[in-house]
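Have the model open and follow along.

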Amino acid sequence: MIAQHAQILVVILPLLCAPLVLLLGKSRIAVWFTVGVLSVNALLTWWLLLQVLTIGTLRYSLGNWPAPWGIEYRLDPLGALLQVMIASIAAVMAPFLRKLLAEEIGSSRQYAALVAFILLTAGLLGIVATGDAFNVFVFLEISSLSTYALIAIADKRDALLASFRYLIVGTIGATFFLIGIGLVYILTGTLNMDDLAVRLPEVSHTNTTQIALIFVTIGIAIKAAIWPLHAWLIPCYSYAPRGIVAFLAALSTKVALYALARFLFGVFPLADMPIGSVLLEILQLLAIAAMLIGSAAAIAHSNVRAVLAYSSVAQIGYITLGLALATSAGVTAAIIHMFNHAFIKGSLFMCIAILATGSGKHALESLKGLGHRMPIVGIALLIGGFSLVGVPLTSGFISKWFLITALVQAEKWIWIVAVLLSSVMSIIYVWKIVEAVFDKSDDKQVRSYDLSVDIPIVLLAAVSLYIGINSSALVSTAEQASKWLLGMP
Amino acid sequence: MDALSGLGLILSTPFIGASLMILVRRAPVLRDAVTMITSVSLFILVAMLPSNSDGAVFVLAEPISGLPISFGTEPFGKLFAFIASGLWIVTSIYSIGYLGQKTDPNKTRYFVCFALSLGSTMGIAFAANLFTLFIFYEALTLVTYPLVAHYGTPESRNGARKYLQILLGSSIALFVPGIIIVYLFAGTLDFQEGGVLNGKLDPAFTIPLLLMFLYGVAKSAVMPVHSWLPSAMVAPAPVSALLHAVAVVKAGVFTITKIIAFIFGWEMLASSPGANLPLYIAGFTVIAASVHALQQDNIKSMLAYSTIAQLSYVVMAASLFLPIGGLAAALHIAAHAVAKITLFFVAGAIYLKSGYTLISQLNGIGRNMPLTLLAFTIAAASMIGLPPTAGFFSKWFLLQAAFTTESYFTVGVITISTALNAAYFLPILYRAFFKAPNEDQKSFGEAPWPVLAALLFTAALSITFLAYGNAIMELEAPIFGSIFNKYD
């Protein structure tokens with residue numbers, strides 16, 4: 001019974017959990033209840049991933065209404081992998097949210113933050129779980145609305161402004177996406193993504209389809225912060241509450257990139273469409289620009305959170321480039337990096353959150369010498385930094401290895417130069433942070449800090465190291481996912 | 001001892017030693033004892049290791065399926081490991097004397113990083129494929145960073161940053177894509193005699209790919225990716241001695257030689273269009289670096305530029321693309337290692353006793369530190385290539401290889417650079433022994449005994465080359481052939 005409904009339970013559980021936590025209010029049980037639900041959820045996603053890898057794509061008709069009339073939930077290898085990533089990171093971070101937020105958010109609002117956090121998790125899981133285009137929009141909005149709330153919850157001027165900017169831009173993105181979905185609905189009369197993939201080839205040459213594709217792509221590109229639509233991301237990552245940023249940076253753009261991959265390869269008949277190849281080439285160019293400009297901006301900034309935010313813009317470029325190659329190897333590389341970067345950036349933002357606790361400052365200067373005082377955070381920061389650079393035996397190296405392999409196979413020599421240049425630039429900005437954090441000349445006394453908040457960092461960094469030492473499981477899952485996505489046998 | 005279990009022990013020894021040092025960090029005497037025991041046991045293990053594991057490999061992990069981290073032995077790797085581990089013992093003795101007087105809070109970090117550097121060097125020496133070699137190559141960069149930045153002053157941190165950024169940057173920008181290209185074309189990254197790329201790569205791309213490696217492996221300090229080496233001179237003297245005269249820089253030329261011999265293969269390169277290009281680049285580096293050395297007043301900077309020139313000797317030897325060149329490369333790695341480590345030891349000893357760092361301050365110093373300057377003289381003679389020092393023999397074989405291929409460019413470069421070597425070493429000797437001391441010079445004597453013993457020992461190695469040179473040639477014969485084959 002549970003096994004049969006596991007697919008929908010993954011989304012339903014957090015959705016039900018959120019109002020219950022609201023009712024539990026400030027009591028301590030609320031946190032443990034949340035942790036319990038999210039842990040069960042994470043285990044479910046692992047089980048589902050194993051199912052998908054052995055049986056193949058899972059389908060679930062909502063309310064027993066068969067597709068394409070009813071809403072269908074469909075879990076493919078890529079979705080299953082991303083669900084594991086989302087649910088695991090949520091479960092690992094949830095227990096520490098209260099401690100991380102304690103300084104910035106008064107206890108009266110902490111439970112509200114927890115509720116928004118659970119809703120965000122539900123929204124992200126929903127985007128991945130559903131097989132219905134309109135449902136994607138709904139979950140996109142659930143996750144976006146809870147993100148706006150989470151950013152603004154700290155009651156700081158900058159955070160409010162960042163949240164408002166994101167609200168405006170995010171709504172424009174959602175509207176674009178909705179217009180695109182509306183256009184294909186007018187053309188085909190269906191919203192089921194698999195059904196769309198069957199019906200759209202008949203109308204692949206119409207102008208409406210081209211315009212729908214453009215609207216959908218731009219709408220998602222805003223949510224995914226693909227350069228030059230990344231401007232909302234920098235203030236959000238710089239001013240949102242510290243504990244929340246780690247989660248946002250790890251997951252929200254990744255899920256949007258997943259949606260991009262699904263629509264480009266699983267819904268629109270890109271190969272038959274006149275603008276298909278042009279769109280892919282534009283995406284490649286934007287990805288290259290993102291890598292170079294993002295890395296350069298990261299070098300120029302001296303606020304650690306801005307450095308990491310611009311680094312994210314660059315890393316999103318790597319993922320977009322892999323996807324836009326539209327080859328099996330390219331999409332595999334993109335999926336691998338989607339997964340790896342979530343853990344890398346999640347742990348890096350966590351580290352910075354802990355280092356800045358007490359001072360609340362994020363300038364490089366104010367972090368000086370803290371690595372010696374908090375060795376566990378320092379080491380995790382090193383692992384994360386090395387991963388960003390792509391030092392061997394970290395997950396970042398695996399990502400880069402497969403991305404460059406894909407580019408060599410596609411004979412995109414100039415793109416390779418750009419990727420390598422951006423990697424070299426990442427050494428500069430990563431080392432800036434490492435050097436400040438381990439600067440012995442400024443040995444400031446640190447107030448005692450709670451060692452338990454190191455647990456999620458250790459776990460996330462361990463994933464990074466494990467993938468670096470043994471990537472075969474991730475790589476074979478990603479290969480399977482990319483084959484499925486591109487419709488290869 | 002069986003080769004594979006021996007390899008397991010060799011690779012774990014430095015890491016076990018490093019962990020023990022962290023455990024006993026509160027007891028300095030015990031920590032120094034652990035350093036000594038670790039270095040001696042590593043040396044004994046390397047010496048006992050069979051020189052060839054005949055393709056058998058010790059697999060540690062498999063980060064990417066099809067690309068394991070695996071180790072095996074072959075004569076060239078064994079020679080490199082033997083030199084590095086042997087000189088580590090001497091450097092440890094020297095370090096204990098050198099850092100001895102001062103209370104330095106970072107001493108444990110220093111010895112731990114030293115052990116880790118040697119562990120990485122062993123990984124490079126015994127890597128059974130290019131992927132494994134690359135991993136340890138990067139590890140060596142990272143674990144030597146704290147050693148270069150040891151003093152923690154703004155100056156040393158700037159130097160160390162440059163060191164790290166150039167080494168890491170070049171390897172990521174050129175070494176990694178080079179490896180990927182080799183893997184995609186050859187389908188394997190294993191080191192095999194005769195190379196793995198033969199017939200699988202368009203001849204027109206052969207030399208460009210080799211150039212990617214030549215610049216990607218910046219540890220070999222071919223111009224223009226050499227500037228990290230002078231920057232790294234902010235490190236304490238023993239670090240410059242073992243790492244920037246032996247382990248790190250030799251890891252660079254070792255990697256280049258391995259790639260030339262066992263990834264490309266001699267014949268394939270010799271017949272490729274533009275095959276002389278690497279030779280010209282290395283030859284240019286030899287001359288340009290020697291001219292730079294001539295202009296330096298800082299002793300360690302001068303030695304750094306001299307190292308850059310000597311490294312390119314090895315690259316030139318390998319770039320002749322024939323086995324006898326490989327032999328000359330191996331011999332020069334050994335000869336330069338013992339001579340240059342002595343020179344750095346001497347520079348450190350002088351600094352320790354007098355605080356002098358400039359050549360112009362050395363007037364008459366031979367009267368204060370006669371034994372130290374005697375060692376310097378021997379090592380300088382070896383750098384110039386005077387008989388009966390080690391440098392003479394390695395240069396001899398390099399010339400022999402050059403004549404075999406009728407590469408008169410190489411002969412010319414060696415001749416000019418020998419003159420330049422003499423031009424920057426002999427004036428120092430003249431200053432030290434014949435000029436009157438500066439008026440404000442304090443009186444001081446020889447360095448502490450561990451320092452003096454270490455530098456005299458390595459100087460002795462430089463003049464007793466005849467005693468062990470033959471053993472090296474016999475060791476290397478299975479892969480590089482005998483020097484006398486041609487005339488048999």
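Start at B:Ala221, which sits in the loop between H7 and H8 of chain B. Helices here are DSSP runs of H or I with at least four residues, strands are runs of E with at least two, and both are numbered from the N terminus. Before going further, keep in mind that this is a predicted model, where local features need pLDDT of at least 70, side-chain atom pairs count only at pLDDT 80 or more, and totals for chains, interfaces and linings use all residues. Residues are numbered from 1 along each chain as its sequence is written, with chains lettered from A and ligands numbered from 1 in the order in which they are written.

B:Ala221 has a positive phi of about 55 degrees, although it is not a glycine. It's also buried, with 30 other C-beta atoms within 10 Å. Buried means that 20 or more other C-beta atoms lie within 10 Å of a residue's own, exposed means 12 or fewer, and partly exposed is in between, with C-beta atoms placed from the backbone. B:Pro224 belongs to the loop between helix H7 (203-216) and helix H8 (228-231) of chain B. Most residues other than glycine have a negative phi, and most peptide bonds are trans.

Chain A has its own entries of this kind. A cis peptide bond joins A:Trp227 and A:Pro228, with omega at about 5 degrees, and A:Pro228 is in the loop between helix H9 (207-224) and helix H10 (233-239) of chain A. A:Leu393, not a glycine, has a positive phi of about 75 degrees. You'll find A:Leu393 in the loop between helix H16 (375-389) and H17 of chain A, and it is buried, with 21 other C-beta atoms within 10 Å.

Now zoom out to chain B as a whole. It holds 19 helices and two strands. Its radius of gyration, taken over C-alpha atoms, is 21 Å, close to the 23 Å that the globule rule gives for 488 residues, so chain B is as compact as a globular protein of that length. That rule is 2.2 Å times the number of residues to the power 0.38. The C-alpha trace of chain B spans about 70 × 55 × 45 Å along its principal axes, and buried residues make up 59% of its 488 residues.

Helix H13 (residues 323-354) of chain B deserves a look. Its 32 residues should span 46 Å at 1.5 Å a residue, and its end C-alpha atoms are 46 Å apart, which agrees; the expected span is 1.5 Å times one less than the number of residues. Of those 32 residues, 28 are buried, so H13(B) is largely enclosed by the rest of the structure. Following H13(B) comes B:Gly355, whose phi is positive, near 80 degrees.

Finally, the two chains meet. The contact takes 25 residues from chain A and 22 residues from chain B, where residues are in contact if their C-beta atoms, placed from the backbone, lie within 7 Å. On the side of chain A that touches chain B, helix H17 (395-409), helix H18 (413-437), helix H19 (454-469) and helix H20 (472-485) of chain A each supply at least two residues. H18(A) gives the largest share of that side, eight residues. As for confidence, the model scores ipTM 0.86 and pTM 0.89.

Terms used. Two residues are in contact if their C-beta atoms, placed from the backbone, lie within 7 Å.
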